[in-house]
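This briefing walks through the architecture of the structure shown below. Please keep the sequence and the model in view while reading.

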Amino acid sequence: MTTPNTSPSVELDDTTRAELERAGVIVSKVDFLYNWARGGSVWPLTFGLACCAIEMIASATSRFDISRFGSEVFRPSPRQADLMIVSGTVTKKMAPQVVRIYNQMPEPKWVIAMGACAISGGPFKQGYNVLKGIDRYIPVDVYLPGCPPRPEAVLQSLNYLQEKIRTQDIKSDPAFTEGRRQYPVPEFTGTDLEPPYNPDVWQPPANPNVPAEEEVEGEATA
Amino acid sequence: MSEAIPHDPVLQQFPEVEWDEEFGTLIVPATKATEVAIWLRDNHAFRLDYCSNVTGIDYLDREFKEKVKNEEGKTETIIHKDPARMEVAYHLYSMEKRTGPLVMKQRTTREKPEAQSLTPVWRSCELQEREIYDLFGINFTGHPDQRRILMWDEFEGHPMRKDYVEPFDYEWEPTPHDEILEKHQKGKVIF
């Protein structure tokens, strides 16, 4: 086990480190140990919304075996889970409940948006009843495309998430500095959810064809 | 479940009931539906004790032309009129006799869609009639618990009706196609 040397205060080259390890001394950072342990033991939430959930379940079976990556402990309660796999179509009726479950999860917590529907609404994007992506209300760490993604893709997204966890800095990461992150739960109206997206989390893509004068005005006032 | 169930006894028993040859369904006026349903369920010749499926159908006013050769050999165009209406179709089976399906339709108007709930006759209709109420806006009199089932309670309108206008929630995207492209070309951006 070699540790990445990213600390500004301790300068230690790899040969010195290897010599120390041969002598039975391991030099590391608390960040590395924390992240290494966390990344190897992610506890997903038992939570499925549509057909993608079947693939997520398949990734936990003996054939694909998500426990090789330390994530086999699917927890039935959001209070005990730290990974939410949004697996499937998020209907507008379901979206407030998804945000509410996210709010109940303790820190640190991560989100994988699994499948085309959870990412953007997918084939139902232009429908009246499907949310156009769960990232409108909660921050998403890994986008896992597919319709539905294969179990191998689920495992790869977990690998990506573990890579992301390994880069976390305990002193500055919002998971450790801001307390439990909670986002406002949208409410039902006659046609849509209110608000249609959380501007703190997501902004619609800017239209480059819109006349530039509006943007200039916006900059002038800001 | 192979042979078609003979429908003539129903027509003899209830003169209001019609037989639709095109679709092979019984057309029952909404006011007589419960009576016919109970008779179909309890009559020993039918014993239709299982309702497997309930569906709503919405028809707009429609005209279509048909070209027919008359006796002199000339072609005439006949204009058929298909009036606007709403229907609720019930697919009925008999578990006892192992027969079915017999399709029975309640017919009602688009302006004031009212139908009789057949939940008191077949319990399996309950959730499906709620769905039809939710998506088509057909009122089921006598339904024990008629409220929305798929959409949220605050939702306005009935989305499966053909005159439903979905909310305009277009937003710009980098690679538009199909409907989004049409809206894109109109250049309307709401957010």
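In strand 6 of chain B, Y93(B) is the bridge partner of Y50(B). That pair belongs to a set of nine bridges joining strand 3 of chain B to strand 6 of chain B, and the two strands run antiparallel. The model is predicted: local features need pLDDT of at least 70, side-chain atom pairs count only at pLDDT 80 or more, and totals for chains, interfaces and linings use all residues. Residues are numbered from 1 along each chain as its sequence is written, while chains are lettered from A and ligands numbered from 1 in the order in which they are written.

**Sheet of chain B**

- Strands pair if DSSP finds at least two bridges between them. Strands (E, at least two residues) and helices (H or I, at least four) are DSSP runs, numbered from the N terminus.
- Axes here are lines fitted to C-alpha atoms, for helices over the stretch in contact, and angles run from 0 to 180 degrees between N-to-C directions.
- Contact means that the C-beta atoms of two residues, placed from the backbone, lie within 7 Å.
- Strand 1 of chain B joins strand 2 (residues 25-29) of chain B through three bridges, and the two run antiparallel. E18(B) has I27(B) of strand 2 as its bridge partner.
- Strand 6 of chain B also runs antiparallel to strand 7 (residues 99-108) of chain B, with eight bridges between them. Y90(B) has M104(B) in strand 7 as its bridge partner.
- Strand 6 and strand 7 of chain B form a hairpin with four residues between them. In the turn, R98(B) has a positive phi of about 55°.

**Sheet of chain A**

- Chain A has an open sheet of three strands in the order 1-2-3, with parallel pairing.
- The edge strands are strand 1 (83-87) and strand 3 (142-144) of chain A, and each pairs on one side only. The twist from one strand to the next averages 15°.
- Five bridges link strand 1 of chain A and strand 2 (residues 110-114) of chain A in the parallel sense. L83(A) stands opposite W110(A) in strand 2.
- Helix 6 of chain A lies across strand 2 and strand 3 of chain A. Helix 6 runs at about 165° to strand 3 of chain A.

**Helix packing in chain A**

- Helix 2 (residues 30-39) and helix 6 (residues 151-166) of chain A have axes that come within 8 Å and cross at roughly 160°. Helix 2 and helix 6 of chain A are therefore roughly antiparallel to each other. Angles under 35 degrees count as roughly parallel, over 145 as roughly antiparallel, 65 to 115 as roughly perpendicular and the rest as oblique.
- The residues that meet are N35(A), R38(A) and G39(A) in helix 2 and Q162(A), I165(A) and R166(A) in helix 6 of chain A. By class, this contact of helix 2 with helix 6 has one nonpolar, three polar and two charged residues. Ala, Val, Leu, Ile, Met, Phe, Trp, Tyr, Cys and Pro count as nonpolar, Asp, Glu, Lys and Arg as charged, and the others, Gly among them, as polar.
- Helix 3 (residues 51-59) of chain A packs against helix 6 of chain A at an angle of about 75°, with axes 8 Å apart. Helix 3 and helix 6 of chain A are therefore roughly perpendicular to each other.
- E55(A), M56(A), A58(A) and S59(A) of helix 3 make this contact with P151(A), V154(A) and L155(A) of helix 6 of chain A.

**Domains and chain contact**

- Chain A is divided into domain 1 (1-39) and domain 2 (51-194); the bounds come from an automatic or database domain assignment.
- The centres of domain 1 and domain 2 of chain A, taken over C-alpha atoms, are separated by 32 Å.
- Between chains, 14 residues of chain A are in contact with 17 residues of chain B. The chain A side divides into six nonpolar, six polar and two charged residues.
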